[in-house]
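I opened a new page for this one and jotted down what I looked up, in the order I got to it. Have the structure open while you read.

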Amino acid sequence: PFSSRRETDTRDMLRLSRVAAHLRPLCASRRATSTVASDDVLFEEQKNGRNILVTLNRPKALNALDASMVAKLTPQYKKWLPISGARRVIVMKGAGEKAFCAGGDIKAIYDAKKDGKSPKECCTFFNNEYELNQIIGTLPSHLVQVAILNGITMGGGVGLSVHGLFRVATDNTMFAMPETAIGFFCDVGGSYFLPRLPHPALGTYLALTGARLKGPEVAIAGVATHYVPSSNLENLERDLLAAKIDEVPEILGRYSSPLKPGQLTRDRLNAIQRCFQHDSVEDIIKALEEDEDKEWATQTLKLLSRMSPTSLKVVHRQMKEGGQRSFTECFKMEAVMAERFMERPDFFEGVRALLVDKDKSPKWSPASLAEVSRDEVAAFFK
């Protein structure tokens, strides 16, 4: 019997060796030795036993961040936090060619409200998302994140990337914080990073208008730390995932290309400063009406006219407040602001117009800047 068992084992081993030989070329093409997989997030540990490739894996939804993804990402990042852990390079990217992450799953929050959830219950996603943003923004020195912003990067995708040490824009990158168009505010730490962009008033401009930055403009603005042509991403990713932490800056520098300003020229940055440095939204609009850069000013006024008046005034104050608060204080402020927006109609009206009925004709309440009082704005910060 034992001899028979050994013969059976030998035959089985031969079969397995043939299967292994067949699969070996495929396996050799993969960098990762271990993959923790789910439908919406992939964690691939590299052969060096340290570095990790994190892939946001909802390409059909432009990798939009939802509750399920946050619930997987947060414990994984917490697992890497202890000082006794390995020194890791974490590379985060989005699946597919269209998006890094196109924002948060705001439709789910709209549905929660329709299902009778309270404002506080509607904020569950935001609170969990903000916790993850703060973890990424305060990673200890033995962890370095590099976010590859190849494609659409908005809202929730900005929160996953901008607080990390390195952010790589490509020729495919499209960045925006479009929250005022849906009756919301620039959350995910927008209070902190937007007022601290290197060009005066640029953060306020991006926050109020939802204006898009493309390719090198994202690095010029200070949102990205590097600009790498998309044709080099495969090699960049390979080298980063094989690197030690102190090698990362040199690798990023080696792959980076010179910046061409696109629309974000020195003249345009000066115009943004002239018009958006003012102490009220009304004064910003007046400055735009009188600005010498007529074509840009007209387009900008048109953008502002579509936005929620409440959002415009609240976000304007948010930029002032955020510039004076610490990283942690900004997120505490945003948690309060999110709940206040859940108590009011504009967010749900904005989502309805954009994603539900898709008529793109929101009916804001109040409908004009003049109707949004100073006390109403102050209530978002209490």
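I started with K358, which I found in the loop between α17 and α18. My helices (H or I, at least four residues) and strands (E, at least two) are DSSP runs, numbered from the N terminus. The phi of K358 is near 60 degrees, a positive value in a residue other than glycine. Is K358 buried or exposed? K358 counts as exposed, since its relative accessibility is 58%. For these words I used relative accessible area: buried is under 20%, exposed is over 50%, and partly exposed is in between (1.4 Å probe, protein chains only).

Before going on, a note on where this comes from. The model is predicted, so I kept local features to pLDDT of at least 70 and side-chain atom pairs to pLDDT 80 or more, while totals for chains, interfaces and linings use all residues. Residues are numbered from 1 along each chain as its sequence is written, and side-chain values use heavy atoms, with hydrogens and water left out.

Next I looked at P366, in the loop between α17 and α18 (374-378). A cis peptide bond joins S365 to P366, with omega at about 0 degrees.

Then I went to helix α17 itself, residues 346-356, where L355 lies. L355 has a relative accessible area of 33%, so I put it down as partly exposed.

L62 is partly exposed, at 28% relative accessibility.

Last, the whole protein. I counted 18 helices and eleven strands. The radius of gyration is 24 Å, close to the 21 Å from the globule rule for 382 residues, so the protein is as compact as a globular protein of that length. That radius is taken over C-alpha atoms, and the rule is 2.2 Å times the number of residues to the power 0.38. Of the 382 residues, 51% count as buried.
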